[in-house]
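Reader: I would like to go through a structure with you. Could you begin with the terms I need?

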Amino acid sequence: MRSPYTVLGVSSTAKSGDIKSAYRQLAKIWHPDQNPDNPQAGNRFAEIAHAYKLLIDPDLRLRFDNGHIDAMGRRQKPPVREKTANPFRAFKEAMATAPSGSRPGAANQSSDALDEATFEDMVVHIFGDAAAKKTREQAAESRDQNGQRTKTDAPGMDEDPLTTLDTLFKKWKSRHRPKTGLPPTLHQIEISLEAAFAGHEQEIVFGDTETVTYDVPAGTIDGAEIVVPSPNPQMHGDAIVTVRHQEHTRLRSSGSDLHGDHPIELAEAVLGGSFVYDGIDGPLRIDVPEWSGSDTVLQIKDKGLPTIFGKRGTLHVHLRVMLPEKPDPHLKDLMRSSKKAWYL
């Protein structure tokens, strides 16, 4: 998820008044009621509201600025490093399983030479030969007359070595992920219709310790399957997650369409009228045609769930004709007189 500062378009030093002003302006622009034809408005509005909630709270904002929580408000777990950790160890262990012809150097190389060679090989894997050549040239040029290294724009040369190597090695592993024949694991989650409409982030645990965050896209229908790649294919297979919609108080889903019931009085069923219905992204006014019975279904286009084609499904409102809670003498007299007229 994007930084809340980026979402609201404010700087990291912005005051609470600036944050409130930015939120109000963006909320007016992206409120779903102002964008009935934009399926992304609901998701964007939810992102703006979440960013505002995080930054307007001084405690949450301080924890985010200090890296204790991420943009979703989840606690960050900083990696634990040993003071004597060798930053090349993980890559050398991976390279040890490669064919001998693919590893630079010979058995009598010094440890420093091997570290330098494997670093260069890692740069080649990730950035290509041109970047590796540039790294060598700029590394040589970056030494001053006293042999000390000066600033350079070669990849990873001016950043913290441990952080840079961790980033490079993660990219290297993602591009050289070994294929596995391990079977996938099956999972099932339940999400609300609001989450299905706006999109949702979920976590899944592989084994006992490896947690992976994955996206449930906006418009995910009931019964859809999401494949979550394994973070360690040698130990675990991929995860296949089946998404189910939770029972909603007003709505039911059918693919990208939504269905709901609405009671109307007998007079409204006969004479017609209108009512305000609470849809998935806010209230909307619906007209009732004259002579609408309990089998009448009013269809409102583009008020269902988002679809993969950038549109939205249809909202189906099923009318239910209801009698008054208390007996109405005038209505009873009307029915009696009408019944007599039918038999004359």
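Author: Buried means under 20% relative accessible area, exposed means over 50%, and partly exposed lies in between (1.4 Å probe, protein chains only). This is a predicted model, in which local features need pLDDT of at least 70 and side-chain atom pairs count only at pLDDT 80 or more, while totals for chains, interfaces and linings use all residues. Residues are numbered from 1 along each chain as its sequence is written, and side-chain values use heavy atoms, with hydrogens and water left out.

Reader: What is the mean pLDDT of the protein?

Author: The mean is 77, and 67% of the residues reach 70 or more. pLDDT is the predictor's confidence in each residue, from 0 to 100.

Reader: How many salt bridges are there in the whole structure?

Author: A search finds 8. A salt bridge is a side-chain nitrogen of Lys or Arg within 4 Å of a carboxyl oxygen of Asp or Glu.

Reader: Which side chain does arginine 250 meet in a salt bridge?

Author: Its partner is aspartate 278, at 3.8 Å from N to O. Arginine 250 is in the loop between β5 and β6 (251–254), and aspartate 278 is in strand β8 (residues 273–279), 28 residues apart. Strands (E, at least two residues) are DSSP runs, numbered from the N terminus.

Reader: Is arginine 250 buried, exposed or partly exposed?

Author: Arginine 250 is partly exposed, with a relative accessible area of 29%. Aspartate 278 is also partly exposed, at 38%.

Reader: And what does aspartate 261 pair with?

Author: Aspartate 261 meets arginine 320 at 3.6 Å, N to O.

Conventions: Helix = DSSP H or I, 4+ residues; strand = E, 2+ residues; numbered from the N terminus.
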